[in-house]
Amino acid sequence: MKFDYLIVGAGFSGSVMAERISSILGKRVLIVEQRNHIAGNAYDYFDENGVLVHKFGPHIFHTNSKKVWDYLSTYTEWTPYYHKVLGMLDGEMVPIPFNLNSLNQLFPSTSTKAIEDALLDQYKIGEKITIQQLQNNKNKQLKALADYIYEKVFHGYTVKQWGLKPEDLDPSVTGRVPVIISRDNRYFQDKYQAMPKHGYTEMFKRMLHSPNIKVLLNTDYKEVIADVHYKKLIFTGPIDLYFDYKFGPLPYRSLRFEFEFHNKEEFQETGQINYPNEYDFTRITEFKKLTHQKNILGTTIAREYPEAFKIGINDPYYPVPKKEHRDKYLLYETEAQKIKDKVIFAGRLAEYKYYNMDQIVARALHLFDKEINREKDN
Ligand code: FAD
Ligand code: UDP
């Protein structure tokens with residue numbers, strides 16, 4: 001089999017690059033994917049009860065990039081969706097990220113007035129601050145508030161999710177869920193927030209629909225690479241696997257999802273509820289509430305149980321952002337640089353970076369422009 005590009009992985013990174021190479025350059029691409037489906041971790045499907053579910057946990061699309069939004073809009077229409085998350089704190093369901101509404105719901109109005117005044121005195125309305133910033137605040141009341149939020153929102157959840165305390169991870173991890181000085185209960189404030197109208201998998205199908213693109217599922221690239229003729233490889237799997245773990249395995253975090261169908265109209269108040277302090281799972285997603293799926297009897301939920309990643313046993317879902325892991329990744333990156341004329345490493349696993357979907361699409365479009373499109377005359 002002869003191709004111009006061999007791409008390992010049919011997630012966002014691999015599929016966006018395949019689409020660009022095929023439609024802009026008219027070149028032939030083979031995508032090899034070890035799973036039995038396209039769309040990587042964004043894969044969704046209709047379960048046996050007809051509910052559209054996300055196999056690998058809730059995937060909410062949000063971006064500030066018009067370029068990314070316009071690009072994906074070629075392959076999907078959208079259903080507007082603003083993600084709202086509640087967290088179970090001290091027996092109350094309060095908005096997460098923690099905001100002024102969470103504060104007022106948890107404490108009596110006699111004490112919230114002074115705290116709110118202190119917050120508004122030091123921060124602008126709408127401002128986002130990390131839990132670490134709030135903990136460093138000199139004001140005694142705000143420091144006490146920070147300690148409460150740290151204990152009730154971040155500590156238990158982070159220990160479950162990562163097996164590490166917040167302070168043992170890069171601050172960017174908890175920084176993803178800041179404290180917000182506002183009454184805006186949305187999880188994200190991005191300019192574009194929506195779900196693909198017919199699901200992620202359908203969007204990927206349209207992206208990959210081209211006579212120039214062949215997709216080989218259920219296949220580890222190592223099984224076929226020796227038999228495929230190609231000019232360049234694009235690798236979107238784990239970078240340590242590519243180099244046969246020569247510097248040792250990179251730590252990843254895995255998850256186990258427990259799906260459950262309920263024969264009732266709704267299971268919970270909102271699409272996602274976080275349980276920082278109770279149970280062994282971190283959150284429960286009710287899919288119907290994310291997708292606005294209509295005319296469906298019953299509802300499907302998933303509980304997420306974080307687990308240690310074990311090679312060959314479960315999937316590597318999250319790189320673990322921490323300095324010594326980054327240092328190990330850089331050893332692999334140096335190896336990658338040596339073969340950059342032959343192999344492009346792209347994606348959450350290949351770059352060992354906690355990317356969201358929109359960042360991955362932006363990255364794939366950038367790599368296409370900088371590394372691939374300039375080769376068009378070759
Ligand atoms: P992937 O989607 O992981 O694709 C890589 C592909 O390579 C996989 O399909 C894998 O099977 C394949 N592969 C690996 N090794 C081999 C091999 N040896 N041979 C063949 N194929 C191989 N982002 C958001 O923006 N919003 C969200 O709400 C959100 N929620 C998330 C929830 C969870 C639980 C997780 C884990 C991620 C979430 N993300 C979210 C992030 C999003 O999933 C990623 O940004 C995106 O999927 C990364 O795309 P990728 O192509 O880099 O990687
Ligand atoms: N987090 C937390 N409590 C919460 C929500 C998030 O401690 O209620 C922390 C936790 O460390 C988590 C990180 O913030 O891993 C990022 O959360 P996000 O919701 O962005 O995680 P993802 O959807 O990527 O799993």
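View 1. A backbone N or O atom of F154 sits 3.4 Å from an oxygen atom of ligand 2. The R176 side chain places an N or O atom 2.8 Å from a ligand 2 oxygen atom. For the side chain of R283, the distance from an N or O atom to an oxygen atom of ligand 2 is 3.0 Å. A polar contact here is a pair of N or O atoms within 3.5 Å.

**View 2. The shell around ligand 2.** The shell holds 16 residues (a heavy atom within 4 Å of the ligand). W162, R176, Y187, Y318 and Y354 are the closest. α6 (140-162) and α7 (172-175) each supply at least two shell residues (helices are DSSP runs of H or I, at least four residues). The largest share, six residues, is from α6.

**View 3. Polar contacts of ligand 1.** A polar backbone atom of Q34 lies 3.1 Å from a nitrogen atom of ligand 1. N41 brings a polar backbone atom to 3.0 Å from a ligand 1 oxygen atom. A backbone N or O atom of P58 is 3.0 Å from a nitrogen atom of ligand 1. The protein covers 96% of the 1000 Å² of accessible area that ligand 1 has on its own.

**View 4. The shell around ligand 1.** Ligand 1 is surrounded by 32 residues. The closest are E33, H59, I60, Y355 and M357. Helices α1 (12-25) and α13 (357-372) each give at least two shell residues.

**Conventions.** Residues are numbered from 1 along each chain as its sequence is written, while chains are lettered from A and ligands numbered from 1 in the order written. In this predicted model, local features need pLDDT of at least 70, side-chain atom pairs count only at pLDDT 80 or more, and totals for chains, interfaces and linings use all residues; side-chain values use heavy atoms, with hydrogens and water left out.

Methods. Polar contact = N/O pair within 3.5 Å; in protein donor to acceptor, adjacent residues only side chain to side chain. Areas by Shrake-Rupley, 256 points an atom, 1.4 Å probe, with all protein chains shown as cover.
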